[in-house]
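Please open the model in a viewer and keep the selection panel at hand. This is a tour of two places, taken one selection at a time.

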Amino acid sequence: MLLAAREAQSEGRGVAIAYVETHGRAETEALVHGFTIIPRWKIAYRGVTLEEMDLDTVLGEHPDLAVVDELAHTNAPGCRHARRYQDVEELLETGIDVYTTLNVQHIESLNDVVAQITGITVRETVPDQILEQADEVGLVDLPPDELIQRLHEGKVYVPEQASRAIDKFFRPGNLTALREIALRYLAGQVDHQMRAYMESHAIPGPWPAGERVVVCIDADPLAERLVRTGRRMAAGLDAEWIVLHVETPEYATLPEAARDRIARTLRLAEELGARTVSLPGTKASEEIIRYARAQNVSKILVGVSHHPRWIQLIHGSVVDRIMRAAGDIDVYVISAARERQHTTEPAAPEWPGLFSKPYLYSAAVVAVAVVIGALVHGVWAQANVTMLFLLAVVVTALQWGRGPATLVAAVSLAAFAVFFGPPSFTYTMADTQYLVTVAALLFVGLVIGTLASRTREQAQAARSREGYMAALHALSGELAATNDLDAILQAVGRHIAATFGRSVAIFLPKGETLEPRLMTPGFPLTENERAVADWVFRHGHSAGYGTDTVPAAAARYMPLKTAQRIVGVLGVQPAASGPRLNPEQRRLLDAFASQAALAIERVELAEEARRGDIARETERLQTALLNSISHDLRTPLASITGALTTLADHPPADEPVRRELLQNAREQAERLNHLVGSLLDMNRLEAGTLRLRTEPGDVEDLIGASIAQLGEAVQHREIRVSVDPKLPLVPMDFALVTQALVNMLDNALRYSPPDAPIEITARLVGNEVQIRVEDRGPGVPPGDVARIFDKFYRIQHDGAGHGAGLGLAISHGIIDAHGGRIWAANRPDGGAIVAFALPVRLPEPSGGLPPQAGDPDARGAGRPAAGGDRASQWATPGRAS
Amino acid sequence: MGDTGPRVLVIDDELAIRRFLRASLSAQGYQLFEAASAREGLDAAATVRPDLIILDLGLPDLDGVEVTRRLREWSKVPVLILSVRGRDEEKIAALDAGADDYLTKPFSIGELLARMRVAMRHAAQPADEPVVTAGDLTVDVARRLVTVGGREIALTPVEYTLLKTLALHAGRVMTHGQLLREVWGPGYDQGGNLLRVNISKLRHKVEPDPARPHYIVTEPGVGYRLRMVT
């Protein structure tokens, strides 16, 4: 990490050590030397002084790159965040890059695996998302034996802690296992990045894999393991994953601890990157299956039941019920004892059409009531037998609704009359009255049952509304989180496809025409369909399938409308078979469309605002330019005019005075010439009219010519030149790069004391030649390192000559035009470094041999005329930044 | 000094420049003739028969390159180009067309006078000088001998020819194209890297500090010049 940081620093980035634990090792301390080290924050806690990273100072210093050791660290009480990784997240948010380290056993999703292998539960874990967000993850790999040896030598911990640590944790077996986990994890990450890269570079396909995993949890302690397993499975499948908890009526009766556990598990799932959903419902299995179907879930993950066997026999287990109803959804059951996955084959529904024949079942209920009634007839009072039928009516109404209940009531009345009435239908008046009582009772039962079933329906409606709200919420959350048009379109497409199970296309205007920007597979795009979409875009009304306009179209098209305008068109293909959208779903689709429209408009407005910013910035620069011109042009002109008018009108008798006036006028004229030259260069760079005349150039010659151009300014200055004799010729526009180097040298001369040497070094580094100009001046104020290439930037300090603040901006523009890099940094021992690098085109394999070190005659002899080849010249016009 | 001094024709449309040159050069004993356009200048060149022409590149009717080309059709009179920065291509074209040297505006009068002297001396002595000396560097063309501070320097044939070419035009700028044609012959116009590599090798042999050349000076984007060091 420190070596990488050093490399970054040598590239001119501002590196600060925010927190590095040297463990008292001399080796590490040597590596830390030479960096800006931000002092730690000391916290007194229970009589001990703890040292933590000083987050606010790091934020205040705002280095380009902060080095923060031990990501998994838990902060002392009193810090802003509980954990160091949260500090790091804050640094990242403010644009500070971070290099950090993390041991594999601290990765959240591997936590239980590590515990299983090593027998030690690591408490300080870091969410996997942090690792996933990392631009780069490097593995510091060491064979276990070597690591143990390093431990014994005290190179990892300080010696007094070493033996204990070795005994407890660092056994060869443990280390080998941890090493394997680390290697596997990283391989998985690399694979993931590769796939992400491929997906992002092959638009419009491949469409993200349709896999979606639902992990069902309850208050069981197994839940955490379920979540971790779910994460690994989802990562392996590259699938979206959802952690679902069903709030059954039992939930309210759970002890506080159990409810806490559920909340904790859900939080853990969020940390691991899952979407969490809590659904109210009476029966967990039904809710899970309903949710899974609505969300197009492909895999369900459940834990085995923790109830005793006898309870399962009576109530049936949730797992069994889920498996029975799962249909083509795969169900994975995680056992409690050891983590092992049982894959159940997709179970066929046990009783097909179970709920589609409620009338048959209600008839059966009456039959049961009759049988029981027959058994107890004569034993129980007649009124109680009536109650039996009343019960049947209420149960039926509750279970299957009003229709079957009515049937049951009628049949019950008849059955009662037939089986339990007076024999041979010899009804007396009293008996008839009795039948009326029974009928009234049954009617009451029917009413009760109906009310109950209506409540049930309402609950169901509320639940489905809630499901829609959740879907909408999920979409709007995702839309709000991104500012990238493609990501927004992808999110909209994905959510609509998942919620409604249909193919989607989104059309956006491009110039005069409407282009499909996103299409899920299977969307029937034809010329005809495009025409419909176009019509929708121009008229702002829905059209296509299921509407009054072009109902023959294959898909339904709706405008993406905001208050101001129509930003695009959404096409939704109806399901090939199955129900049409109900009104509720259509409303939801409309809501999706308006969310999408708002998000798209937001992106477009942001883009417009950005353009406005650029325009304002240009205007600001123009103002600065005018100010600069009026000041920097008039000042020397005033001196010249003054000197000349003095000489003409009031010639001083004194010869030295005359000479001084003339000398002054001459210097000011040169300054004026220099300024005009800079302005012209800047103008050419910015206008993009600069045409590079690229030819192979000799770097030594370049440096010599640049020094020569400075003329008298370098007469009495010491300039140390060190040029690597192995340098190849570099393709460049010699005159322009000379100008760039002259400006850099001019700057170094201007900002350093007259007796301090200026050093120029040229070296071949990798595929580029780096030329550095180093001075012994005051250096660049921290935080301004990147700004010194801005136009009109001037460092305020005594003794600085008058520059227009254009020199380095011109150098920057010239080097940019060459496809090179330019940067600045401060020397650790005082002074500034300004350096640039130009790419070297390596000779073709058939070309001359590479020049030999120390043999000047071999320099570039016989090398092919790489840069002299007209076709290889840079064609891009220069552009100043 | 009357009308005995060298005759100088200034072709420049800027009255201010002509006035300044008239004042400065007359004081040095030159006879000044002026032209404000290319046509006027070409006519004057034929009638005045100047010893030197100072030619501005940015003329209103014809560009300086074309003027040089037309002059060279019938005259070998030394031509000194005046140009502003950022017109390197025109500058090189004019030099390749036969102009003797160039000066970038603004320039000091001392610089101008030095260049004028070099140009006129070359015109006056067209024959090869047997020995060219620049400071410690001596090129003895007759004996093919190069010495620095009296020490003989061994050069390859190409390096020698290159140095000789620069020496024979000592004090004047030689464009890349001119050097390539003189040393390697026609057809090598694109061999820029050949030239750069040989200049570098030459410098490592004759220059005391090759990174800050003393004798063989680079004119960025234009060519090289052997500096007349006194």
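This is a predicted model: local features need pLDDT of at least 70, side-chain atom pairs count only at pLDDT 80 or more; totals for chains, interfaces and linings use all residues.

**Stop 1: helix α4 of chain A**

Select residues 84-93 of chain A, which form helix α4. Show the side chains of A:Arg84, A:Tyr85, A:Asp87, A:Val88 and A:Leu91, which are buried. Why do they sit on the same side of α4(A)? They cover an arc of only 150° around the axis, which puts them there. An α-helix has 3.6 residues a turn, so residues three or four places apart point the same way.

Then select A:Gly95, which follows α4(A) and has a positive phi, near 90°.

**Stop 2: the five-stranded sheet**

Move to the open sheet of chain A, where five strands with mixed pairing are ordered β19-β21-β22-β24-β23. Select β19 (719-723) and β23 (821-826) of chain A: these are the edge strands, and each has a single partner, so one side of each lacks a neighbour in the sheet. From one strand to the next, the twist averages 15°.

Now select β24 (residues 832-839) of chain A, which runs antiparallel to β23(A) and is joined to it by six bridges. In this pair, A:Arg821 is opposite A:Ala837 of β24(A).

Which helices pack on the sheet? Select residues 699-710 of chain A for α24, which touches β19, β21 (758-765) and β22 (768-774) of chain A. The direction of α24 makes about 165° with that of β19(A). Finally, select residues 807-817 of chain A for α26, which touches β23 and β24 of chain A, its direction making about 140° with that of β23(A).

Methods
Residues are numbered from 1 along each chain as its sequence is written. Chains are lettered from A and ligands numbered from 1 in the order in which they are written. A residue is buried if 20 or more other C-beta atoms lie within 10 Å of its own, exposed if 12 or fewer, and partly exposed in between; C-beta atoms are placed from the backbone. Helices (H or I, at least four residues) and strands (E, at least two) are DSSP runs, numbered from the N terminus. The arc is that of the directions from the helix axis to the C-beta atoms. Two strands pair if DSSP finds at least two bridges between them. Axes are lines fitted to C-alpha atoms, for helices over the stretch in contact, and angles run from 0 to 180 degrees between N-to-C directions. Two residues are in contact if their C-beta atoms, placed from the backbone, lie within 7 Å.
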